[in-house]
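I am opening my notebook for a friendly look around a new structure. Come along and check each entry against the picture.

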Amino acid sequence: MTYPMIELTDVSRTYPGGVAALQSVSLRIRHGELAAIVGPSGSGKSTMLNVIGTLDRPTSGTVHIDGYDVSTLSDGQLSALRATTIGFVFQSFHLASKVPALDNVADGLVYTGLSRPERRRRAAAALDRVGLGHRMDHEPHELSGGERQRVAIARAVAGDPPLVLADEPTGALDSVSGTGVMELLHELNASGTTILIITHDREIAAGLPRQVRMRDGRIVSDSAAAPPSEPWPRHAGSGVA
Amino acid sequence: MGIEVARLKPSPARMRLGDVLRVGAVGLRTRPLRAFLSALGIAIGIAAMVGVVGLSSSSGAELDRTLSALGTNLLTVSSGTTLMGEAAQMPEDAEMMIERIGPVERASSVGKVSEAKVYRSEQIPEAQTGGISAYAASLDLPATVGATLSSGTWLNAATERYPAAVLGSVTAQRLGIGAAGVDTQIVVGGVRFTVVGILNPVALAADLDSGVLVGWPVAESRLDFDGHPTTLYTRSEEAKLESVRQVLAGTANPEAPNEVDVSRPSDALAAKQATSQAFANLLLGVGAVALLVGGVGVANTMVISVLERRAEIGLRRSLGATRGQIRTQFLAESLLLSAMGGSGGILLGMGVTMGYALYSGWPSVVPAWATVGGLVATLLIGAVAGLYPAIRASRLSPTEALSTP
């Protein structure tokens, strides 16, 4: 790949009323990375996720997702980008109640233009992949919290998007289920999906190859300021040049 | 700096119709009671309108059936008033003269015996006449006006000479007589008459319903009847009805044709129908108001639905739904809701029409334009009611929608 999966350049996002949620943030995430954006609440990490997920547009700066300059895309084109390129995992799962797991996952593909049988086929495969092949007919209220989050992850990856954005994926789970979900995300990353996890939990962040720490709308530290393929430490490399 | 890549921009996929309907039905499935109630509002409005149209069409069809059974070729000639405002008299031989008009197939006459008051018995005070009139009637009267007997027999050549009477349906009711019989007697002009028959209601000669019909000879011999007919009933060839109508007055009373009133009773029935049609239009208006209220109910449901489902809208946007697809979803939901209500209402209205028509012995008719119009009206209402909430849903910012708990 000649371009990064995510590239933010001098991105600021100011809300009406003057609250600056992001202040001149620059970030590059390569294809195949597994990274955490970690910070206390109010640090701007959720805004960052929304901007990366193209759900929100920056006030200034440029955002490239999978090589596309977001500012040049219309609302419809952004929607198509989300449908094919980005999978979302939310803290509160956002599953439809009274709908079996299989249909919850299959309905997530309704905006991709796939036929219904194809959507169901892919949904079944995705549920198998997250280890819920035996729970396809269960409705959300019949599943544990960890299982629900697995269904949500299956929905996010059913369309095989190159990028998965997870917003506090373990926030509503006990530690055992949380560990299971994190293992699953690791597995997905191992098969090539770029995964960005937003969390306030330093312990979870510490288990990931790269951590981007945020505070007050700025990046305060990045464990891999240089691309991970470059030799450690980065300071030595750049000093020579 | 960003690396610009020359690639086709992604374009949103079109949703198939089946998916549009399936996604539109999501809200109805998750809140079935609410969907049912707001569909019910539409159903009541449509049922009211279809029912009103159905009932008035059915009663119209019934009238057509009645008219074709009764015939529209009956003309009546009644002695009107003189220029001075007094009751006019037709000549005694008016019936014979009318029968000489070529296209007249049949003519019968009745003569009102105004002095003869009718009582159930001699014990009834004289003032209580009960609004019943006595008529001398010619023997072929039932055939001409299409009268049938509910009980007993019509007068014949023998009984018309003796105190025998046939009662109109209203008269029988007022006097409290259920069946004719030799023991049943009433008092007409101070003379006891035996009730030999009771008529069914006569649609084309409603005057006879509140009358007591006796033979022409007995009226002259016992009731001081002057022998002048007061009303003549004629049946003519349908095609020449207008020509007959024009000469009828002059023939019945050649000396004073202007004192004679000629009328066509079937016109009166049709006019009555037109009056009830006006009333039906009023009811149709009431139905339209009910439908409008139903539409407001649907709009209300949709607004609440959009407010409640902000998180779902946010999720769908994150899954790749465009604004247009969100708008379509809620519009489809509103259309489904009102289409359900509309078809339910049409069935309900047809059921009411058929039930009432069956009960009244009418043919049941629901015009196709009422059903199609009802469905079109509901879809229009669904579209209008859903448009604003759908636009609101589509304008919702995805991040705001997702942050809703």
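**Ground rules.** I count a salt bridge when a side-chain nitrogen of Lys or Arg lies within 4 Å of a carboxyl oxygen of Asp or Glu. This is a predicted model, where local features need pLDDT of at least 70, side-chain atom pairs count only at pLDDT 80 or more, and totals for chains, interfaces and linings use all residues. Residues are numbered from 1 along each chain as its sequence is written, chains are lettered from A and ligands numbered from 1 in the order in which they are written, and side-chain values use heavy atoms, with hydrogens and water left out.

**Entry 1: the interface.** How many salt bridges does the rule find across the interface of chain A and chain B? I looked, and there are three. I also noted that B:Arg323 forms a salt bridge with A:Asp75, with 3.9 Å between the closest N and O atoms. For the contact (heavy atoms within 4.5 Å), chain A gives 38 residues and chain B gives 33 residues. The two chains bury about 3,200 Å² between them, 56% of it on carbon and sulfur atoms. Buried area here is the accessible area (1.4 Å probe) that two parts lose on being put together, summed over both.

**Entry 2: a sheet in chain A.** I found an open sheet of four strands in the order 2-1-4-5, with antiparallel pairing. Its edge strands are strand 2 (19–29) and strand 5 (68–69), each pairing on one side only. Strands (E, at least two residues) and helices (H or I, at least four) are DSSP runs, numbered from the N terminus, and two strands pair if DSSP finds at least two bridges between them. Strand 1 (residues 6–15) and strand 4 (residues 60–65) of chain A share five bridges. I traced A:Thr9 to its bridge partner, A:Thr62 in strand 4.

**Entry 3: A:Leu188.** Is A:Leu188 buried or exposed? I call a residue buried under 20% relative accessible area, exposed over 50%, and partly exposed in between (1.4 Å probe, protein chains only). A:Leu188 is buried because its relative accessible area is 3%. This residue sits in helix 6 (residues 175–190) of chain A. Beyond its neighbours within four places in sequence, A:Leu188 is in contact with A:Arg129, A:Ile153, A:Val157, A:Thr193 and A:Ile195.

**Entry 4: helix 1 of chain A.** Helix 1 (residues 45–52) is mostly covered, with seven of its eight residues buried. Among them are A:Met48, A:Leu49 and A:Val51. Just after this helix, I saw that A:Thr54 takes a positive phi of about 60°.
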